[in-house]
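Subject: Structure handover

Hello,

Please read the notes beside the coordinates.

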Amino acid sequence: MTTRETIPVTILGGSLGAGKTTLLNHLLTNAAGRDIAVLVNDMGEVNVDAELVAAESELAVGGGVTELSNGCICCELQDDLETAVVRLAQERSFDHLVVEASGVSEPGPVARLFVTSRAAARYDIAGLVTVVDSRLFADTFAGGDPDQTVAEDSDGEVRPLSDLLVEQVESADLVVLNKCDLVSEEELAGVRDVVSALRPEADIVETTHSAVDIDTLLADLYDPDAPVGWRAALETEAAEEEEEEEEHGHGHAHNGEAHDHEHGHSDDGHGHDHAVVSHAEETYGITSFVYRRRAPLDPEGLESVLGDLPSSVIRSKGTVWVGGADDVQYTYSQAGPSAYLTASGPWIASLPEFEQDTYRRNHPEITWHDDYGDKRTELVFIGRDIDEDALVAALDEHVLGDAGDVAQRFPTEPGAEVALAEPEAGE
Ligand SMILES: Nc1nc2c(ncn2[C@@H]2O[C@H](COP(=O)(O)OP(=O)(O)OP(=O)(O)O)[C@@H](O)[C@H]2O)c(=O)[nH]1
């Protein structure tokens with residue numbers, strides 16, 4: 001019997017083989033009086049996970065295991081998942097729903113379903129839980145032997161595994177570092193550091209065979225406003241910059257110079273762009289910094305730098321003003337060995353004036369420059385022992401004085417993506 005109007009739902013994600021099924025079995029055998037419904041989804045035709053769960057857990061048989069065996073839950077079949085969870089709430093009585101997202105699905109779309117669809121009336125998200133294979137994660141990000149594995153995502157698109165691992169961690173409220181028996185203490189500490197840097201506010205537990213405390217797992221952890229690490233770094237930088245401007249008596253925090261080739265020497269007293277700010281996160285052993293220039297970058301040059309980053313950079317992300325495509329805003333995203341640049345549409349500054357005005361009225365928070373508007377290159381780098389000066393100098397070599405003096409290199413239609421770096425396909 002449930003006394004709540006809505007049913008809490010925990011969304012479980014993690015890479016293939018991380019230990020999600022093991023976790024569900026652990027949960028169902030230790031449910032101790034709770035009536036838990038589990039919705040398991042697999043990519044394959046046969047729903048192996050659901051069968052395993054049903055076979056291994058007495059509680060599960062007839063006790064609320066429901067399966068969707070017709071494919072991936074998060075994109076194409078979103079409607080089916082929506083129907084399934086709504087029907088489940090109508091037909092059965094249970095205390096908590098756990099949805100296992102398919103191993104290569106992003107948890108975001110699954111979470112949105114419970115916020116925006118008909119399911120929102122019946123459910124409340126309790127938390128997004130990501131199970132991490134600590135061995136695999138250490139190999140991919142934390143100084144281990146990088147595995148150049150690629151995985152297929154929910155759209156059937158092949159994406160580097162590193163992308164999916166980062167995305168799954170960046171959206172988590174709780175990260176279960178599983179397979180702790182397969183990593184050394186030192187490696188585990190490294191994994192913990194990287195996870196904290198990617199998602200500073202997530203709770204972290206360490207397990208072997210996914211033996212996570214049930215109360216911890218099902219707790220109300222959901223925080224849709226929790227920042228991802230790169231955004232937290234940007235916000236900290238912006239706050240520091242504002243503080244500094246106030247100290248210097250400037251009332252226009254982001255009103256910068258065109259750019260400053262000399263990293264760290266821009267404090268010349270007239271409203272500079274404080275281009276690079278570092279945060280030595282001593283507790284995490286991971287540092288982040290923001291590179292910002294109010295000028296376009298040479299496309300070939302930026303590709304040579306961002307497409308060949310040192311392995312010390314774990315995650316980087318940002319906005320790029322690309323020479324030769326003056327009106328197009330590009331977003332950039334890198335995770336481990338893969339890096340992409342995507343045309344995301346026009347800059348606000350490239351819109352007709354009245355549209356700019358409307359946009360700016362509706363978004364008073366956006367950073368606006370008197371001459372350049374929102375046009376900027378703003379990149380956050382997160383990593384371990386990054387040679388920041390070298391990276392800044394490498395990027396600065398490709399800062400252009402004028403966007404129009406180079407040829408267009410990347411596609412400009414909104415949504416068009418180019419790979420700057422991609423791992424080789426694994427076995
Ligand atoms: N050594 C070790 N093996 C584990 C641990 N947890 C799970 N495994 C094993 O890892 C394999 C994959 O575990 P599953 O629970 O099936 O992983 P999953 O995330 O459900 O996998 P998919 O459904 O394929 O996405 C199984 O053989 C488990 O027995 C652990 O902590 N240590």
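A residue is called buried here if 20 or more other C-beta atoms lie within 10 Å of its own, with C-beta atoms placed from the backbone. Please keep in mind that this is a predicted model.

Helix H4

Helix H4 covers residues 107-116, and its buried residues are Pro107, Val110, Ala111, Leu113 and Phe114. Viewed down the axis of H4, these buried residues fall within an arc of 145°, so they line one face of the helix.

Strand S11

The partner of S11 is strand S15, residues 377-383. The two strands run antiparallel and are joined by 7 bridges. In this pairing, arginine 293 stands opposite threonine 377 of S15.

Leucine 188

Leucine 188 is part of helix H7, which runs over residues 185-198. Is leucine 188 buried or exposed? Leucine 188 is buried, because 20 other C-beta atoms lie within 10 Å and the cut-off for buried is 20 or more.

Setting aside neighbours within four places in sequence, leucine 188 is in contact with Ser134, Leu177, Cys180, Val183 and Glu206. One of these, serine 134, is 54 residues from leucine 188 in sequence, yet the C-alpha to C-alpha separation is 7.0 Å.

Regards

Key:
Residues are numbered from 1 along each chain as its sequence is written. This is a predicted model: local features need pLDDT of at least 70, side-chain atom pairs count only at pLDDT 80 or more; totals for chains, interfaces and linings use all residues. A residue is buried if 20 or more other C-beta atoms lie within 10 Å of its own, exposed if 12 or fewer, and partly exposed in between; C-beta atoms are placed from the backbone. Helices (H or I, at least four residues) and strands (E, at least two) are DSSP runs, numbered from the N terminus. The arc is that of the directions from the helix axis to the C-beta atoms. Two strands pair if DSSP finds at least two bridges between them. Two residues are in contact if their C-beta atoms, placed from the backbone, lie within 7 Å.
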